[in-house]
Amino acid sequence: MTSWRPTPALVRACLLGLGGVSVGIVLGQEVLAVLGAPFVVLAATGLAGRPRRSPQVASRLDHRRLHEGQGATSRLDVDDLAGVEHVTRVAAHAAHVAASPTYGAVGSLADRGLPTIDFSPRRWGRRAVGAERVALTSPWAGWRWGPVHLPETSLVVLPRTAPYDTRAEVPQPDGLVGRHRSRRVGSGSEFEGIRPFATGDRLKRINWPVSLRTGELHVVTTRAEQDAGVWLLVDALRDIGVSGGIDGRASTLDLTVRAAAALAEHHVRTGDRVGLLVVAANGARVPLGSGPRHLQRLLGTLARIRTDARSTPPERLDLGTESGSVVHVLSPMLFTPLVTATASLQRGGTSVVVVDTLGDALTEPDGADRLALPSLAMRMQKIERDDRLRRLAALGAPVVPWRGPGTLDTVLHQLSRRAQVPRVRA
């Protein structure tokens, strides 16, 4: 159990005070006695101010679940501040976590409030913060309690949802109620056309200007609004490049996770049903769902993604997709088996959109030797990857580099027009 111990300052004051006064009296040197008198006063004051009780110290975070770039304050709780004049905290450094003060060291007088430390995670995932050492000091710096070690706290950092919005509709909405126009005529607000009145039509649908002009009753037809089933397939097999958090360069996994978070938030806000499949060694699957709670489940699953160098790409992707679902494959497309599985989905009739999240991970730095083995290997890998993407595009699966807002507008418009073209079945 930690107890109050004398500080080096108190020990020096005792030695200098008693030693100076004693030597001055023995040798008859009044100067030494006069010089040692102030240290005697400091020693006596420090000894008299010794605290009698050992306090209990704990730290707590205001929030345990944050998005990238948000902040949480670590507060200190001390059950007994009697005899405490100064409080010092030193927090351990955590990867991809910025602290304020910069080096995580802060101190203040107890009567002015206990010191706080602000943490701001700069990258998604689970971050261990709050590991620190705390020391208390009595008045006149005579006694010190600690430093004691406080355990770390797990902080869940959700990926930042980059601003993303699109006015394009999904190709084949298949739900009951939503914001996308159905291919079938029904009760809705989207104008479809005007036709002659038939038995069973509602009277409120009659278009009187056209009916009076033609002499026959005509009604307005509309399209129903339906929701869509959207699957997000996240490639977490490897993380290419070095992540600098939200303040620096993004690795391939950073782009993939943040793009998936942006798409999930957009489709859930639109009213669609969204599912998630993480392709990794410890992959996860979230079934189709909607609503704010489902969005938090999707973001939490993305924040728990871990990469493993031993993980292998699957030869087949079993999503259990229904007819009319749309699959967004978010991947740098560096592995042939995953490309093959994506092509199988496309051949099976699923609307597949490949979101390229490679970014500039394979870009050669300025001044690099183009004849060096790493540069040659990088260029060969890019050539093979470009060939895979061309084959996917030839099968009808569009490939779009992730660029934030409006990335999928053109592609979804084209898929919607393709879905309305009649198909010939054998």
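**A first look**

The accessible surface of the chain comes to about 22,800 Å² (Shrake-Rupley method, 1.4 Å probe; for residues, only the protein chains shown count as cover), and 55% of that surface belongs to carbon and sulfur atoms. This is a predicted model, where local features need pLDDT of at least 70, side-chain atom pairs count only at pLDDT 80 or more, and totals for chains, interfaces and linings use all residues. Residues are numbered from 1 along each chain as its sequence is written, and side-chain values use heavy atoms, with hydrogens and water left out.

Q: How many helices and strands does the chain have?
A: Helices (H or I, at least four residues) and strands (E, at least two) are DSSP runs, numbered from the N terminus. By that count, the chain has eight helices and 20 strands.

Q: Why does the span of helix α2 agree with its number of residues?
A: Helix α2 covers residues 30-48, which is 19 residues. The expected span is 1.5 Å times one less than the number of residues, so α2 should span 27 Å.

Q: Is Leu27 buried or exposed?
A: Leu27 sits in helix α1. Buried means under 20% relative accessible area, exposed over 50%, and partly exposed in between (1.4 Å probe, protein chains only). Because its relative accessibility is 56%, Leu27 counts as exposed.

Q: Which residues of α2 are buried, among them one alanine?
A: Burial here uses the under 20% cut-off. In α2, the buried residues include Gly36, Ala43 and Gly46.
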